[in-house]
Structures are given as structure tokens and as C-alpha cells.
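Here is a short briefing on helix packing, a ligand shell and a record annotation. Look at the sequence and the model first.

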Amino acid sequence: MPAVDARPTPFTFDLDTTALLVIDMQRDFLLPGGFGESLGNDVARLRRTIGPLGELLDAWRATTMPIIHTREGHKPDLSDCPPAKLKRGPMIGQEGRFGRILIQGEYGHDIIDELQPRDGEIVIDKPGKGAFYATGMSEKLEELNVRRLVVTGVTTEVCVHTTVREANDRGYECLVLADCVGSYFPEFQQVGLQMIAAQGGIFGWVADSPAVIKEIQ
Ligand code: C5J
């Protein structure tokens with residue numbers, strides 16, 4: 001079995017039961033002038049993941065292992081957006097530079113051009129932070145016989161963390177790639193990654209993408 005040099009211990013996986021998860025690499029979060037930036041965030045902190053993630057996708061696409069992309073967002077009538085979420089995120093559904101913010105079908109809701117899903121890759125739309133809540137994620141992973149997830153995307157302390165915690169509780173082993181996950185807040189990036197691998201890997205493992213690429217090429 002391939003073993004990736006990871007913290008706190010090597011991460012072993014096999015090509016039959018491992019999938020790549022790419023979380024919320026959406027224009028609303030990553031494009032200059034978009035939703036994320038309009039909240040006062042520096043999108044460069046997320047955009048640093050695009051290069052490494054592109055290289056990882058190139059290597060992963062040469063294998064038979066599944067690729068699952070997620071997108072955070074809501075139906076145009078916001079019927080799947082809990083009032084509490086809307087209260088703390090009043091811009092959701094409002095008209096932004098790239099269409100209605102975090103609304104399915106809008107330009108800003110879709111995945112950035114550089115990392116657009118290819119034919120045969122799975123796209124899961126999610127109304128929450130976690131990729132398991134109110135989605136078909138569990139069923140899809142069962143169908144694909146996936147037991148391990150290599151996790152990438154944004155943002156580290158929000159949707160990546162929530163998804164890794166959900167996956168951990170469901171028995172999946174998660175390897176989070178530090179150079180392929182991003183936060184608007186450098187301190188959250190650092191601590192968020194530390195939290196995953198602390199206490200013997202309480203939520204999973206952490207590594208960098210070249211260590212994975214080396215094992216799958
Ligand atoms: C946030 C996400 N930060 N994808 N979403 O609201 O992390």
C-alpha cells in the first residue's frame with residue numbers, strides 16, 4: 001500500500017478505496033471582486049492553493065481514483081438556507097459582481113475556471129459547511145466503495161474542517177493537504193491544520209501535495 005509522508009504518522013491508502021475531495025473552490029470565495037473579497041478578505045490567501053491543486057488534479061486524473069468537487073450554495077428561493085445562516089450572512093442571495101451570492105446556477109457559485117470538473121467527476125452541492133449535511137455524499141461514497149479521503153479546498157477552518165469532522169465521525173480516514181487548503185486568516189490556517197493532526201491525529205492526517213503526487217505517479 002502507498003504511504004504518504006504525513007503528520008502525525010504516514011498515511012497509508014490504496015487506489016481502490018480512496019477519493020480526492022475538492023471543497024468549494026468557487027468564484028464567490030476566490031475571485032478578486034467577489035463575495036469573499038467584499039467581506040474584507042484577501043483572496044490571495046485562498047488563491048495560493050490553485051497551483052498546487054491543479055498539479056494534484058493532473059496527477060490524480062491519471063489514476064482511476066474518484067474526484068469529488070463540492071459547492072456551497074442555495075436554491076434561488078433560499079428554501080434550503082436556514083434563517084439563522086441568512087441572519088449572519090445577509091449577503092447570501094443578494095446581487096453581487098458575479099451574480100446572486102452563493103446561489104446555484106449563478107456565475108459566482110460555480111468552480112473557478114482553473115479547476116473546473118471534467119466529465120465523469122462528481123459535483124455535490126451542499127447548503128451547509130459540511131459536505132455530508134443534506135447531501136448525497138454518504139450514499140455516493142458507499143456506492144464508490146470509498147473509505148479514505150484526500151481533502152483539499154477552502155476554507156480550512158470552515159468547510160474543510162466541518163467536512164473532515166463529519167467524515168471522521170462516519171469512519172472515513174482523511175488526509176488534509178496543507179498546500180491545497182486555504183484560509184483568509186493565516187492564524188486559522190496554521191491552527192486549523194495543527195488541530196487535525198494533534199493528539200495522535202484526532203481528525204486525520206496532514207501532508208503536502210507533492211508527497212501524495214510522488215505516491216500516485
Ligand atoms: C465559508 C467555506 N467560509 N467554503 N465557506 O463560508 O468555507
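In this predicted model, helix H7 (residues 156-169) and helix H8 (residues 186-201) have axes that come within 10 Å and cross at roughly 15 degrees. Angles under 35 degrees count as roughly parallel, so H7 and H8 are roughly parallel to each other.

**H7 and H8**
- H7 passes H8 in a right-handed crossing.
- From H7, the contact takes in Thr 156, Glu 157, His 161 and Val 164.
- H8 meets them with Phe 188, Gln 189, Gly 192, Leu 193 and Ile 196.
- By class, this contact of H7 with H8 has four nonpolar, four polar and one charged residues.

**H4 and H9**
- The axes of helix H4 (residues 50-61) and helix H9 (residues 209-216) also cross at roughly 15 degrees and come within 10 Å.
- That angle makes H4 roughly parallel to H9.
- The crossing of H4 past H9 is left-handed.
- Pro 52, Glu 55, Leu 56, Ala 59 and Trp 60 of H4 meet Ser 209, Val 212, Ile 213 and Ile 216 of H9.
- Residues in the contact of H4 with H9 divide into seven nonpolar, one polar and one charged.

**Ligand shell**
- Asp 24, Phe 29, Glu 72, Val 154, Thr 155, Val 158 and Cys 159 surround the ligand.
- The shell has four nonpolar, one polar and two charged residues.

**Annotated domain**
- An unreviewed UniProt entry lists residues 18-202 as "domain: Isochorismatase-like".
- Over residues 18-202 the chain is 37% helix and 21% strand.
- The end C-alpha atoms of that stretch are 19 Å apart.

Technical notes
Residues numbered from 1 in each chain as written. Predicted model: local features only at pLDDT ≥ 70, side-chain atom pairs only at ≥ 80, totals over all residues. UniProt positions renumbered as here; feature names shortened; annotations may be inferred. Helix = DSSP H or I, 4+ residues; strand = E, 2+ residues; numbered from the N terminus. Near = placed C-beta within 6 Å. Nonpolar A, V, L, I, M, F, W, Y, C, P; charged D, E, K, R; others polar. Axes fitted to C-alpha atoms, helices over the stretch in contact; angles between N-to-C directions. Parallel < 35°, antiparallel > 145°, perpendicular 65-115°, else oblique. Left-handed = near helix turned anticlockwise from the far one by under 90°. Contact = placed C-beta atoms within 7 Å.
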